[in-house]
Amino acid sequence: MKESNEIAISVDHVYKSFTIYYDRANTLKERLLFFARNKKKEKREVLHDINLEIKKGETVALIGVNGSGKSTLLKLMTKIIYPNQGTLETYGKLTSLLELGAGFHPDFSGRENIYFNASIFGLTRKEIDKRLDQIIEFSELQEFIDNPVRTYSSGMYMRLAFSVAINVDAEILLIDEILSVGDQHFQEKCFNKMRELKAEGKTMVFVTHSMQSVRDLCDRAVWLYDGKVRMDGNTNEVVNEYLRVTK
């Protein structure tokens, strides 16, 4: 796969499957009753021959019903998991918000987790020192920042995770459905920040079930259906067809 100065993410003939094992019997009775089941496993193909090129500076939505493969594709992009076949390359510093609180230690304070999480994204101690006040201010968690994050609500987790992710100077930002968590005020604040990042030329890939957010923020939409790309193109055209078929 050749790197291009215009390409941020390249997905080439990617397949991803998982092997699902049935529960094993624990007693002799269960073994006799469920003998056949104990030997069974199921290979579940989640993504089938995905081909995508996302250009630098694009804001792209991945849409589709639950189980269509959106989050799996995002995890492949961030290299949490790897494809069974095909190649996936990213070009540029990448940050992600895929699972609420991922990378946080529950017994560390919010402040300690800022250092811990930002270091995972490649920032040095000095770089985090410079950004610390900005991260805390954006999160609006000043009075809770020295409390253990296990005492945080899901909305507070999201505030802290988003605040760290947008302050690591990444070129590519991957965001899963977690922005649906939290109050309306902070959601709007997050979307306004994403608009700023878009204006700065950052590349964003965004998974959501909110079609209004897709229309408001994204240049392009990719509709995944049953692990395949069903439609890829202009946001309004893809969203209109998706809503027509799924309503």
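**View 1. The largest pocket holds about 350 Å³ of space.** This is a predicted model: local features need pLDDT of at least 70, side-chain atom pairs count only at pLDDT 80 or more, and totals for chains, interfaces and linings use all residues. Residues are numbered from 1 along each chain as its sequence is written, and side-chain values use heavy atoms, with hydrogens and water left out. A pocket is an open set of points on a 1 Å grid over the protein atoms alone, where a 1.4 Å probe fits, with protein on both sides within 12 Å along at least five of seven lines. Grid points are joined across faces, edges and corners, and the volume is the space filled by probe spheres set on the points. The lining of the largest pocket counts 17 residues, each with an atom within 4 Å of a point. Thr78, Ile80, Ser96, Ile120 and Phe121 lie nearest the pocket centre. Helix H3 (70–78), S5, helix H4 (110–120) and helix H6 (154–165) each give at least two lining residues. S5 supplies the largest share, three residues. Helices (H or I, at least four residues) and strands (E, at least two) are DSSP runs, numbered from the N terminus.

**View 2. Helix H3 is mostly covered.** Seven of the nine residues in H3 are buried. Buried means under 20% relative accessible area, exposed over 50%, and partly exposed in between (1.4 Å probe, protein chains only). The buried set in H3 is Lys70, Thr72, Leu73, Leu74, Leu76, Met77 and Thr78. Most residues other than glycine have a negative phi.

**View 3. Six strands make an open sheet with mixed pairing.** The strand order is S5-S6-S7-S3-S8-S9. Strand S5 (94–97) and S9 are the edges, each pairing on one side only. Two strands pair if DSSP finds at least two bridges between them. From one strand to the next, the twist averages 15 degrees. Angles run from 0 to 180 degrees between N-to-C directions, with axes fitted as lines to C-alpha atoms, for helices over the stretch in contact.

**View 4. Strands S3 and S7 pair in the parallel sense.** Four bridges link strand S3 (residues 59–63) to strand S7 (residues 203–207). Leu62 stands opposite Val207 in S7. Helix H7 (residues 184–199) packs on the sheet and touches S3, strand S6 (172–175) and S7. The direction of H7 makes about 145 degrees with that of S7. Contact here means heavy atoms within 4.5 Å.

**View 5. Thr59 is a buried residue of strand S3.** Which residues does Thr59 touch, not counting those up to four places away in sequence? They are Lys198, Met204, Leu217, Cys218, Asp219 and Arg220. Thr59 has a relative accessible area of 0%, so this residue counts as buried.

**View 6. S8 and S9 form a hairpin.** The two strands run antiparallel, joined by six bridges. Val222 has Asp232 in S9 as its bridge partner. Two residues lie between the strands. Asp226 sits in the loop between S8 and strand S9 (228–234), with a positive phi of about 55 degrees. At 59% relative accessibility, Asp226 counts as exposed. Helix H9 (residues 235–246) lies across S3, S8 and S9, at about 135 degrees to S9.

**View 7. Tyr225 lies in strand S8 (residues 220–225).** Is Tyr225 buried, partly exposed or exposed? Tyr225 is partly exposed, because its relative accessibility is 45%. Leaving aside neighbours within four places in sequence, Tyr225 is in contact with Ser68 and Arg230. The C-alpha atoms of Tyr225 and Ile63 are separated by 8.8 Å, although these residues are 162 places apart along the chain.

**View 8. Asp49 has a positive phi within strand S2 (residues 41–55).** The value is near 55 degrees, in a residue other than glycine. Asp49 is partly exposed, with a relative accessible area of 30%.
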